Each structure stands twice: as structure tokens, then as C-alpha cells.
Amino acid sequence: SDSYDNIAAAQETISQGTIFIGDPYAPPKEKSIYFNENPGYDLETGYVVLLLLLSFFPFISLTSLPLFFPWLVSILVFLSTFILLRKLCRQDFTAFFSSLFIFFLPSTQQMLGPLFLVASSFGLILVPLLLLLGFNFLTQRTHAKELVLLLIFTAFIYPPSVVISLIALFF
């Protein structure tokens with residue numbers, strides 16, 4: 001259902017003309033006292049904006065995103081993991097087969113995973129990239145600006161990816 005929540009939020013953004021932050025399925029304000037007091041802000045607004053931007057491409061509708069976007073995410077997770085591991089291992093063979101394990105992560109209703117249209121699946125792409133830029137910054141003092149920009153970008157899309165990446169880099 002999270003996939004459809006994101007699609008509904010993107011559709012609300014289109015209909016309102018501004019970035020929609022909240023619950024797209026909440027009743028109107030006049031019908032519920034609870035939602036007047038607790039608007040239910042979404043910490044993954046950047047992901048909804050990303051889906052909205054994808055829907056502006058020709059031949060892509062918001063309702064067709066769950067069919068191809070998860071596969072695109074899986075391929076990008078594979079590539080970002082491959083780039084990180086090739087840098088760390090310096091062996092293409094090892095990096096390739098290690099990235100295959102990430103590509104074949106199981107997706108279930110309980111744990112979700114890369115084959116669902118949720119922000120956490122897109123966060124899987126960003127964690128290896130954050131680790132790569134963080135590793136370069138810590139060892140060579142390069143890519144500081146790129147690391148900060150990617151941290152900010154990731155915080156808008158899926159904040160736990162930032163926390164996971166920073167813990168992995170510093171502990």
C-alpha cells in the first residue's frame with residue numbers, strides 16, 4: 001500500500017499545484033478533528049517529488065510507475081554497489097558478484113525491498129554512493145561538496161539512509 005500512498009501524494013501534488021505534504025487518504029478537515037490537529041507530515045517528500053518528476057517524461061504515467069520503476073531501482077542499486085565495491089576491492093570480478101547479491105535482495109510484504117515503489121528502495125541506491133563519497137572524503141579529503149549535496153538530497157528522499165551511511169562511515 002505504500003506504493004499507492006506515494007502515487008496518491010504525487011497525484012495530489014499535481015492537482016494542488018504545490019508540493020503536497022501529508023496523508024493523501026486523510027478525510028477532509030471538516031470531517032475529522034484528529035487531522036486538524038495532526039496533519040501527518042511526510043519525511044519522504046523528496047521521494048514524492050522524484051516520482052512526480054518521473055511522471056513528466058513522455059509515455060510514463062503515475063499509475064504505471066509500479067511496473068517499471070522498481071526494476072530501474074534494482075539496476076541502479078546494482079550499479080552503485082558495483083562502483084563502491086570496485087573502488088574498495090579493486091577487482092571487477094569480486095565487485096560484480098557481490099553486487100549480484102544486492103540485486104537479488106528478496107522483496108516481501110513485511111520487509112518491502114527493491115521491488116516495491118517505496119522510498120526505502122530508492123534509499124538503497126544512495127547508501128553505496130554516500131559510502132563511496134564518504135570514504136573518499138575520509139581517506140583523500142576529496143568530494144566534500146558532492147558528499148554534502150548527496151547527504152542533503154538523501155535526507156529529503158529517505159532520511160534513514162543518511163543515518164545508516166554515517167554510522168557505517170564513523171563506527
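Analyst: Before the surface figure, a word on the term: accessible areas here come from the Shrake-Rupley method with a 1.4 Å probe. This is a predicted model, and on that basis the chain exposes about 10600 Å², with carbon and sulfur atoms supplying 70% of that area.

User: And how much of the chain counts as buried?

Analyst: The chain has 171 residues, and 37% of them count as buried.

User: What is the secondary structure of the chain?

Analyst: The chain comes to eight helices and zero strands, so that reading from the N terminus the elements run α-α-α-α-α-α-α-α.

User: What box do the C-alpha atoms fill, and what share of the contacts comes from residues 24 or more positions apart?

Analyst: Taken along the principal axes, the C-alpha atoms fill a box of roughly 60 × 35 × 30 Å. Among contacts with a separation of 6 or more, residues 24 or more positions apart account for 57%.

User: Where does Phe171 lie, then, and is it buried or exposed?

Analyst: Phe171 lies in the segment after H8, and it counts as exposed because its relative accessibility is 82%, where the cut-off for exposed is over 50%.

User: Changing topic, which residue has a positive phi of about 70°?

Analyst: That is Phe59, which is not a glycine. In general, most residues other than glycine have a negative phi. Phe59 has its place in the loop between helix H3 (45-55) and helix H4 (65-89), and with a relative accessibility of 88% Phe59 counts as exposed.

User: And what about His143, what is its phi and where is it found?

Analyst: The phi of His143 is near 65°, again a positive value in a residue other than glycine, and His143 is found in the loop between helix H6 (119-140) and helix H7 (144-157).

User: Why does His143 count as partly exposed?

Analyst: His143 is partly exposed because its relative accessible area is 35%, and partly exposed covers values between the 20% cut-off for buried and the 50% cut-off for exposed.

User: Last one, how many positive and negative side chains are there?

Analyst: The chain has 7 positive and 10 negative side chains, and the centres of these two sets lie 18 Å apart.

Terms used
Residues are numbered from 1 along each chain as its sequence is written. This is a predicted model: local features need pLDDT of at least 70, side-chain atom pairs count only at pLDDT 80 or more; totals for chains, interfaces and linings use all residues. Side-chain values use heavy atoms; hydrogens and water are left out. Helices (H or I, at least four residues) and strands (E, at least two) are DSSP runs, numbered from the N terminus. Buried means under 20% relative accessible area, exposed over 50%, partly exposed in between (1.4 Å probe, protein chains only). Contact means heavy atoms within 4.5 Å. Lys and Arg count as positive and Asp and Glu as negative; His and the chain ends are not counted. The place of a charge is taken as NZ of Lys, CZ of Arg, CG of Asp or CD of Glu.
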